[in-house]
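Please read it beside the sequence and the structure.

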Amino acid sequence: LVACVGKAAYDRYGNFMQAHCMLQDITRQREAENELNRQRDRAQQYLDVAGIIFLVLDSEGRVSLLNQKGCEILGLPREEIIGKKWADHFIPDPVKEDLNRVFQDIREGVYERHSEYENPILTASGEQRLISWRNTVLKDAEGRYAGILSSGMDITEHDAAVRALHESERSKSVLLSHLPGIAYRCMHDRQWTMKFLSDGCLTLTGYPPESLIDNRDLSFGNLICEEYRGPVWKEWERTLAQRKPFQFEYEIKTASGER
């Protein structure tokens, strides 16, 4: 395979006279290019089967690679994404400035605090999806900044579930704070290891809830007067085996020593 570079000579009337050409054997060069293309295609196939986003941005913040998962989440074909500036086209307006600041920090070498972060992206339908990113800097042969390689996981549903759980816990705490006495959740052990206590704990026992959670300062079992500990445990064992609710009375000793 040869490449021909030449120049034609013409007389003053515009008639062709002769051509000066240089031929170069480019067989190995073309083979190397073909192999490089095959390797690139193979790498793209590997990335396309991944269940997370793989994104490469060049030094100007333009998309130079995006795998199939990223295309699916954005709702666009790859050819409509490659070459576009990531922040300008796929980031909601309220966070564009923050993300551009992140890119600027990375370009200037302030990288460590941005190796992981979360931000929403904007899909073709106008929906926002929250993505958790892990990033690494790409450098050229001279060690200069060349772009960013990021892997991203869509955590939209997870984040919504966590926020709903926090709201549920907050609502539960408000509700239980108005109940007389204590509402609690504990482990099935002889210490009654507390995992949750309502605010009534302080009024009833003289101890703040956090001092009993996970037996930080003392266990709830320590509060039960000694002669009641055996009978209470037996009643627990009996009713738990039957999976039935039960009612039982026993004495505890408060922080002031009152029974």
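The text below takes up these topics in turn.

The structure is a predicted model, in which local features need pLDDT of at least 70 and side-chain atom pairs count only at pLDDT 80 or more, whereas totals for chains, interfaces and linings use all residues. Residues are numbered from 1 along each chain as its sequence is written, and side-chain values use heavy atoms, with hydrogens and water left out.

**Aromatic pairs**

A pair of aromatic rings is described by the distance of the centres and the angle of the planes. Here rings of Phe, Tyr and Trp (its six-membered ring) pair if their centres lie within 6.5 Å, and planes under 30 degrees apart count as stacked, over 60 as edge-to-face and the rest as tilted. Searching the whole structure on this basis gives 7 aromatic pairs. One of them joins W86 and F90, whose ring centres are 5.3 Å apart with the planes at 45 degrees, so this pair is tilted. Both residues belong to helix α3 (residues 86–90), and because they are 4 residues apart there, about one helical turn separates W86 from F90; helices (H or I, at least four residues) and strands (E, at least two) are DSSP runs, numbered from the N terminus.

W236 and F246 make an edge-to-face aromatic pair, with 6.5 Å from centre to centre and 75 degrees between the planes. Since W236 lies in helix α9 (residues 226–242) and F246 in the segment after α9, this pair ties together parts that are 10 residues apart in sequence.

The table lists accessibility classes: buried means under 20% relative accessible area, exposed over 50%, and partly exposed in between (1.4 Å probe, protein chains only).

| Residue | Relative accessible area | Class |
|---|---|---|
| W86 | 4% | buried |
| F90 | 3% | buried |
| W236 | 12% | buried |
| F246 | 35% | partly exposed |
| W133 | 2% | buried |

**The surroundings of W133**

W133 is placed in strand β6 (residues 128–139). With contact taken as heavy atoms within 4.5 Å, and residues up to four places away in sequence not counted, W133 touches several residues, among them I53, L55, W86, Y117 and N119. I53 is 80 residues from W133 along the chain, while their C-alpha atoms are separated by 8.9 Å. The side chains of W133 and N119 make a polar contact at 3.0 Å, a term for a pair of N or O atoms within 3.5 Å, where, within protein, one must be able to donate a hydrogen and the other to accept it, and residues adjacent in sequence count only if both atoms are side-chain atoms.

**Positive phi angles**

Most residues other than glycine have a negative phi. N215, which is not a glycine, has a positive phi of about 60 degrees, and its place is in the loop between α7 (209–212) and α8 (220–223). With a relative accessibility of 27%, N215 counts as partly exposed. R243 likewise has a positive phi, near 55 degrees, in a residue other than glycine, and it is found in the segment after α9. R243 counts as exposed, at 77% relative accessibility.
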